[in-house]
Amino acid sequence: MVDQTPQSQPSAGPYWPQPVARGPGASAWQPAGENGSAVGTALAVIAVGVWTVSVLWIGQSAIWVTDQAQLATGVSTRWLWPVSGVASAALIILPALLLALVPRAPWARATGRVWLLGAAVLGGLSLTRAFPPHAAELQLLASAALAALGALALRARPSVPPPTPPSPPAASASASAPADRDASWWPGLAAGALMVTPWLWLGAFGGIVETLAAALAAAALGWLCAGLLRPVWPHFAPGGGARRVLLGGLVAGIALLLVGAGVGLPGPHLATMAALSALGFAAAALAGRGVGPLVAATTFGPLALVDNEEMTLLLLGRDVPLWTLVAALVSLPLAWLLGGVLWLAGRPAPAGGPGWAPAWGSSRRLGAVTTAIVLVASGAGVHLAAGQPGLHGERLFVILDDQASLVGLPAGPAGAAGHPTRVRAVYDRLVAHADRTQRDLRRELDGKRLAHTPYYLVNAIEVDAGPALRPWLESLPGVDRVLLSPRLRPLPAPVGTARGDRTAPTGPTWNLRMINADRVWNEFGVRGRGIVVGTSDSGVDGAHPTLAGGFRGGDDSWRDPWNDSRFPQDHAGHGTHTLATAVGRGGVGVAPDAAWVGCVNLDRNLGNPALYLDCLQFLLAPFPPGADPLRDGRPDRAPHVLTNSWGCPPLEGCDRQALAPAVAAFTAAGVFFVAAAGNSGPRCGSISDPPAPYRDALSVAAVDRGREVTDFSSRGGPGSGKPDLAAPGSDVVSAMPGGGYASQDGTSMAAPHVAGVVALLWSAQPSLIGDLARTRAILTGTAAPILVPPGANTCGDQARLTGAGLVDAHAAVRAARGQ
């Protein structure tokens, strides 16, 4: 709202223009240097502006880092952002309110009112972040609704005339009309098309619903910002010139920063804050209806083309966080350049006009329309030619309520001879059950031409459909629940391959000596021969010297549903490191003579229920490339032991029981399933992400060189019975892609130790193969004591940190042989 006191003819000065009390007929504007109070007013405005910017950038960055730290430890942060957004708004509202009420200068009070409204917008929009991260569509639609309501409220405010100087009525009328006509939105659209181009180049769209919701939210926010900033321009118009664009742009930039802090989901909103705040000068140069399209197009970029689920410090590298940062950094100078170009293309309004306005006359308006069309087409061309075109939205994972019973299966002969028979019995029953119970649902999906993939290890179907169809799928007969199955969006450049910086060990590493694996090799001559270990992870460097000789080979020993590679490969390094700890040769692996098979269930450290299940089905009944898992599986080729250094959290679509039937099926088949406990310690009850909490999975905690439980190792809770065992998981040296080696920490490193010990145990005593109960009893019964650091929280029972203790390969093999 602008001040209602009539003002006189303005005059330019060296500082911001200030109103002062003068005699009748004298000017109400004078250089600030002529009035001591004017300097104080300017300093007050500067102080409030600096406070606002500091609260937003320092506060939002600190909250995001806190959010990422809690995410890494498995703590829900759903309410952190709404609360922090409202708190940030509260810290800004009081000084902005004082600025809106106390100064005599109308421009200062108008600045305070705009920032006050911006803080209110921040608080309101922040409430939409109460939606869970996977409900981006709902959050965007809620933001659109709130922004539209805010825009309507601003539009409904009483119209107050700006502080214009007196002039003859005829001159005033003749000057106002052209200025209104000149306030075309085409220049704003042209500028917005340029601002969104970096995102069209470096980003990628999600699903159709999410993209449309982002467009609605961006349009509503543009409308809101146009109304929010409209009262600012008359107060910085007198005299025109670059100084007016600079000062008005600073005020507008802080207001847009306030709005940007509340826009979108956490992570990408930091990029929105940067891009919007830099638009202040361009908005001041436009000072008309073009502000709406400019803000809308700029906001659409990070809202629609950045996946908030991938915008995480956990993926910091050549991934979405990097490219988002690059796009935001490109946006900053681009916005400042636009401010200069738009100012040069404009002119001060004629005497008696409402203030600074772009000079878009008929010829220039035609140029603006042409420029806008060319820039919009150019942005689309950049996206199609150099970007990542197409829609890359999430899918839906439909779990049926009728899961197969595995009771009463034929046991088959004991030991190694019975392994194929046991696995075949499980596979046949699961496939038959899936065929029978999924028939009607598959027919329904075919009728609606919805692509889908059936699964049998969990009786479920992944549907190529977005959240809009979720209610319909949940209503169908036989459907228990529907989960999201997120898909990664493509990147503008491939992620680099992780490499190791260490040389090959010259003998058994400390961790192998700690669990006495080397004693098993030396005293019993047992090294895992005859046992096959399976891994699901980021991949495996099949050419690495420590792993190449152990690959089982054939057309059914490797699967890559992400990239369809035909020979084992790994870019992240995690899978190579963990598998080599289990079966690597040259002093890094527990069972160096065991064979291995593998599958890629992670890409850029993320997965989803369907792809986790895809690999598990491959490991239960391997099949060649292009084959149908439900028809062409080969249960007789199943591995004996699985090492699993991954978890499927809600962020990736899993609920607590999503994969439970799959792990139970491996138990029924006699395949030993080892899982990392997780890295969410020292919080109690933090073994939560599947498959670690399942009774059928043997969950492994991590210890360090001093046999103490690590701080990061997840803890069990009352009644969980987890973890089961512990193994070295700190400073573990193992293989990395490209032939190198590296040291890594995590329960991911601990789990393959136990898988390797099972391989040694079954190699030494083949009659134990498939006898999971007896094998577990030997492992837990021979485990060594573990130290708990002084003062550490034992969560009520030390076993919730350590399980039965540290796995001991030598003691386990000796017990299995009856020695």
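Among the contacts in the protein with a separation of 6 or more, 77% join residues 24 or more positions apart, where contact means heavy atoms within 4.5 Å. The model is a predicted one: local features need pLDDT of at least 70 and side-chain atom pairs count only at pLDDT 80 or more, whereas totals for chains, interfaces and linings use all residues. Residues are numbered from 1 along each chain as its sequence is written, and side-chain values use heavy atoms, with hydrogens and water left out.

The secondary structure amounts to 26 helices and 15 strands; these are DSSP runs (helices H or I, at least four residues; strands E, at least two), numbered from the N terminus. Of the 819 residues in the protein, 58% are buried. Here, buried stands for under 20% relative accessible area, exposed for over 50%, and partly exposed for values in between (1.4 Å probe, protein chains only). The protein exposes about 30100 Å², and carbon and sulfur atoms supply 61% of that area; accessible areas come from the Shrake-Rupley method with a 1.4 Å probe, and for residues only the protein chains shown count as cover.

On the H18 side, the contact is made by Ala-517, Arg-519, Val-520, Glu-523 and Phe-524, and on the H26 side by Ala-809, His-810, Val-813 and Arg-814.

H26 is mostly covered, with 6 of its 8 residues buried: Ala-809, His-810, Ala-811, Ala-812, Val-813 and Ala-816. The cover over these buried residues includes H18, helix H23 (747-764) and helix H24 (772-781). At the start of H26, a side-chain oxygen of Asp-808 comes to within 3.2 Å of the backbone nitrogen of His-810. After the helix comes Gly-818, with a positive phi near 75°.

Most residues other than glycine have a negative phi, and most peptide bonds are trans. Asn-516, in the loop between helix H17 (510-514) and H18, has a positive phi of about 65° although it is not a glycine. With a relative accessible area of 16%, Asn-516 is buried. Arg-449 also has a positive phi, near 55°, and lies in the loop between helix H15 (439-447) and strand S4 (452-455). At 80% relative accessibility, Arg-449 counts as exposed.

Cis peptide bonds are found from Gly-681 to Pro-682, with omega near 5°, and from Lys-722 to Pro-723, with omega near -5°. Pro-682 sits in the loop between strand S11 (672-676) and strand S12 (698-703), while Pro-723 is in the loop between S12 and strand S13 (725-728).

Finally, Gln-617 lies in helix H20 (residues 609-620) and counts as buried at 2% relative accessibility. Leaving aside residues up to four places away in sequence, Gln-617 touches Tyr-455, Tyr-456, Leu-457 and Pro-629.

Conventions
Polar contact = N/O pair within 3.5 Å; in protein donor to acceptor, adjacent residues only side chain to side chain.
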